[in-house]
Amino acid sequence: MQLQPLVTHRTAPLTHLNPPTMSTICAISTPHGIGGIAVIRVSGPQAISAVDSMWKGKSLAQATTHTAHLGQIIRPDGTPLDQAVATVYRTPRSFTGDDTVEISVHGSLYIQQELLRQLIHAGCRMAEPGEFTRRAFIAGHMDLAQADAIADLIAARSRAAHRLAMQQMRGAFSRRLAQLRQNLLTLASLLELELDFSEEDVEFADRTHLSNLATEIKTEVDRLNSSFAVGNAIRTGVPVAIVGAPNVGKSSLLNRLLGDDRAIVSDIPGTTRDTVEDTTDIDGITFRFIDTAGLRSATDPIERLGIARSHDALRKARIVISLAAPAAKCDTISFETGLDIPDDTTVIYAVNKTDLLTALRREKIQSDDSAPLLISTRTGEGLDALRKQLVDASGAGSLGDDGTIVVTNARHAAALTAAAAALERFLGALRTGLPTDLAAQDLREVLHHLGTITGAVTTPDILSTVFSRFCIGK
Ligand SMILES: Nc1nc2c(ncn2[C@@H]2O[C@H](COP(=O)(O)OP(=O)(O)OP(=O)(O)O)[C@@H](O)[C@H]2O)c(=O)[nH]1
Ligand SMILES: [Mg+2]
């Protein structure tokens, strides 16, 4: 018995995924609204002739690739619509792989709409979200992981998110996956040999060797998968919950960190009822701070609901700031204990209202080995040190600098989880001596799941998941 062909890395364009007669698409690629200039992108076999039909200036049909031309867009009645610059990219040396013209016009909504109308009249159709990038993928200009990275790059709001998206767009993740697939194919070929001679009941492949190879691959798949927690936090903002007893200054701290009076502050304990959250960047990393209701045994049903939400926020946070403050009449300071904090969450202990501390008490706290951070939202003491601890705890400061691959995309993480489960089954099959063809089936599944990340395995569903994230015009 032969192994089913194990999915091979794609080298040829996936032209069968495009409609048989490929249309020419157009869209506004700049944000909706009025701007200095707007860019309208036209791509497909008729792109150049469609723009040429309304172009006054040097004929674009004669233009060489990667050249920009100044001219006028002429309306059907012969009057000029706008002065414009048309940049011509010829197939196959364009983003989509097809002839493409990018028209820069003045950013009036009227001009943009009129130009689109004229292009549609000339035979183009409106592009769907992500259709330009989809065509680039189909032309073999990038794989799916790189297409995902383009969407991430467009959405990047911080230096860290930008760095991870750039790393992925340049193909670092794709190369690592290609390596993993290569190792898997080595494994598969060993099994394949055995399946060829299955009638003779011989074992060519040493089980320990197979198991070691598979374990190595699984370790790497698991490492990539576990990096998603940080990768996702960087993309959406590292969640930081501020918790503590009522009145210790949690909302004051939130406001200080955000530089905005976001939450209500008062000296009445139990002021914050619901969680309040917002994001801000510190050192190029986006943090999502969550102010919570003060923890105490409350009788008020609404306050109790708020406190339940505080516990939820705790569980979802990557970093917890456990805040305490000196009691009003004595110097005792106590942190909340018995909180249900997940193991991989970093807890930063901080004492607020240090402006109220006696010198003696301050000295005593600082002499402690596990001395908490001393801060005052009133005087600003310790807030820079707190920001530094937050950056360190985020794990994002130098992430990716040493070439470590960080997974940022939920689709990739799901595929890695499925691949890890199939690898686990494969290892189990080796251990229990299941027939080679069953073990080979698990291996095929691993290759399938890893293949969906880069698009070596593609289905219309996968494509629509990836490209529906894009805006029209990209
Ligand atoms: N002296 C001093 N007072 C502070 C400081 N930070 C906050 N406060 C005061 O402490 C009181 C409580 O502050 P909040 O920020 O509302 O406290 P909270 O922890 O959010 O309280 P709850 O929402 O009730 O749980 C307010 O009167 C603040 O002005 C500080 O650093 N020094
Ligand atoms: Mg509060």
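User: Which residues are the protein donors of the magnesium ion (ligand 2)?

Analyst: Ser 251, through its OG atom, and Thr 272, through OG1, and they lie 2.0 Å from the ion. Keep in mind that this is a predicted model.

User: Where do Ser 251 and Thr 272 lie in the chain?

Analyst: In distant parts of it: Ser 251 belongs to helix H8 (residues 250-258), while Thr 272 is in the loop between H8 and strand S9 (276-282). The two are 21 residues apart.

User: Is Ser 251 buried or exposed?

Analyst: Ser 251 counts as buried because its relative accessibility is 9%, and the cut-off for buried is under 20%.

User: And Thr 272, buried or exposed?

Analyst: Thr 272 is buried too, at a relative accessible area of 12%.

User: OK, on to ligand 1. Which residues come nearest to ligand 1?

Analyst: There are 23 residues around ligand 1, and the ones that come nearest are Lys 250, Ser 252, Gly 270, Asp 355 and Thr 377.

User: What about Thr 272, how far is its side chain from an oxygen atom of ligand 1?

Analyst: An N or O atom in the Thr 272 side chain is 2.8 Å from an oxygen atom of ligand 1. Thr 272 is also one of the magnesium donors.

User: Which part of Gly 249 is 2.9 Å from an oxygen atom of ligand 1?

Analyst: The backbone: a polar backbone atom of Gly 249 is at that distance from the ligand oxygen. For Ser 376, a polar side-chain atom lies 3.1 Å from an oxygen atom of ligand 1.

User: How much of ligand 1 does the protein bury?

Analyst: Taken alone, ligand 1 exposes 650 Å², and the protein buries 92% of that.

User: Which pocket is the space taken by ligand 1?

Analyst: That space is the largest pocket.

User: Switching topic, where is Asp 77 found?

Analyst: Asp 77 is in the loop between strand S4 (67-74) and strand S5 (80-89). Asp 77 counts as exposed because its relative accessibility is 58%, with the cut-off for exposed set at over 50%.

User: What does the side chain of Asp 77 make a polar contact with?

Analyst: With the side chain of Thr 79, at 2.6 Å.

User: And how far apart are the C-alpha atoms of Asp 77 and Arg 361?

Analyst: They are separated by 85 Å, and the two residues are 284 residues apart along the chain.

User: What is the phi of His 66?

Analyst: Phi is positive there, about 60 degrees, although His 66 is not a glycine. His 66 lies in the loop between strand S3 (55-56) and S4. At a relative accessible area of 41%, His 66 is partly exposed.

User: And what is phi near in Asp 283?

Analyst: Near 50 degrees, again a positive value in a residue other than glycine. Asp 283 is in the loop between S9 and strand S10 (285-291), and Asp 283 counts as exposed at 55% relative accessibility.

User: Last one: where does Met 22 lie?

Analyst: Met 22 is in the segment before strand S1 (25-28). With 23% relative accessibility, Met 22 counts as partly exposed.

Note on methods
Residues are numbered from 1 along each chain as its sequence is written. Chains are lettered from A and ligands numbered from 1 in the order in which they are written. This is a predicted model: local features need pLDDT of at least 70, side-chain atom pairs count only at pLDDT 80 or more; totals for chains, interfaces and linings use all residues. Side-chain values use heavy atoms; hydrogens and water are left out. Donors are N, O and S atoms within 2.8 Å of the metal (3.2 Å for Na, K and Ca); water is not among the atoms, so sites may look incomplete. Helices (H or I, at least four residues) and strands (E, at least two) are DSSP runs, numbered from the N terminus. Buried means under 20% relative accessible area, exposed over 50%, partly exposed in between (1.4 Å probe, protein chains only). A residue is near a molecule or strand if one of its heavy atoms lies within 4 Å of it. A polar contact is a pair of N or O atoms within 3.5 Å; within protein, one must be able to donate a hydrogen and the other to accept it, and residues adjacent in sequence count only if both atoms are side-chain atoms. Accessible areas come from the Shrake-Rupley method with a 1.4 Å probe; for residues, only the protein chains shown count as cover. On a 1 Å grid over the protein atoms alone, a cavity is a set of points where a 1.4 Å probe fits but cannot get out, and a pocket is an open set with protein on both sides within 12 Å along at least five of seven lines; lining residues have an atom within 4 Å of a point. A molecule sits in a cavity or pocket if more than half of its atoms lie within 2 Å of its grid points.
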